[in-house]
Amino acid sequence: MLSSRPYLARALYEWLLDNEHTPYIVVDAEREGVNVPRQSVQNGQIVLNIAPSAVRDLYIENAAVTFGARFSGQPMQVIVPMDALIALYARENGVGMVFGHEPVMPEAEASESDDTQAQDDGERPALESVESPDAEEASESESEGDDAPRTKGRPSLRVVK
């Protein structure tokens, strides 16, 4: 799965603007790929105003937040990779969100290892429907002519490689 951080950041940004608040971001300035004014970094972090009146060409993309801004009169292209985005909040009241560390999704790891293994074997996994024991018994009793009520078993799937 993709990270939820860029989607939440875009939604929070729009919500803050709709409510006439000033969006600020907190950035981990020590992460790789971060391009921010180093003179304003304190304790490894920097707080930046990303309101439309403060920046130009703001893009909140899946990979990074980028925009142009002036710091001490000098133009600069700011780049904040999504994993360096710590928080997005309103200056006026502090309402917003702090982004925690996102865990690696287990499904993503499992599907990647399955894909790699399938490529190594030269085969693709396939799904096959398997009847539960209850359904097998019910179908046997129907074939014998019993008038016993049919019980529905829980369907299950099995990966066949």
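This is a predicted model: local features need pLDDT of at least 70, side-chain atom pairs count only at pLDDT 80 or more; totals for chains, interfaces and linings use all residues.
Student: Which residue meets the side chain of D83 in a salt bridge?
Tutor: D83 lies in the loop between β5 and β6 (85–90), and its partner sits 52 residues away, in the loop between β1 (23–28) and β2 (45–49). The N to O distance of this pair is 3.3 Å. The partner of D83 is R31.

Student: Is R31 buried or exposed, or something in between?
Tutor: Buried means under 20% relative accessible area and exposed means over 50%. The relative accessible area of R31 is 28%, so R31 is partly exposed.

Student: Which residues are linked with R31 in a network of salt bridges?
Tutor: R31 forms a salt bridge with D28, with the closest N and O atoms 3.3 Å apart. R31 also meets D83 in a salt bridge. The residues linked with R31 in the network are D28 and D83.

Student: How many salt bridges does a search of the whole structure find?
Tutor: Two of them involve R31, with D28 and with D83. Another joins E92 and R91 at 3.5 Å, N to O. The search finds three.

Student: Which strands stand at the edges of the open sheet?
Tutor: The sheet has the order β3-β4-β5, with antiparallel pairing. An edge strand here has a single partner strand, so one of its sides is left without a neighbour in the sheet. The edge strands are β3 (56–60) and β5 (74–81).

Student: Which residue in β5 is the bridge partner of T66?
Tutor: Strand β4 (residues 64–71) pairs with β5 in the antiparallel sense over eight bridges. The bridge partner of T66 in β5 is I79.

Terms used:
Residues are numbered from 1 along each chain as its sequence is written. Side-chain values use heavy atoms; hydrogens and water are left out. Two strands pair if DSSP finds at least two bridges between them. Helices (H or I, at least four residues) and strands (E, at least two) are DSSP runs, numbered from the N terminus. A salt bridge is a side-chain nitrogen of Lys or Arg within 4 Å of a carboxyl oxygen of Asp or Glu. Buried means under 20% relative accessible area, exposed over 50%, partly exposed in between (1.4 Å probe, protein chains only).
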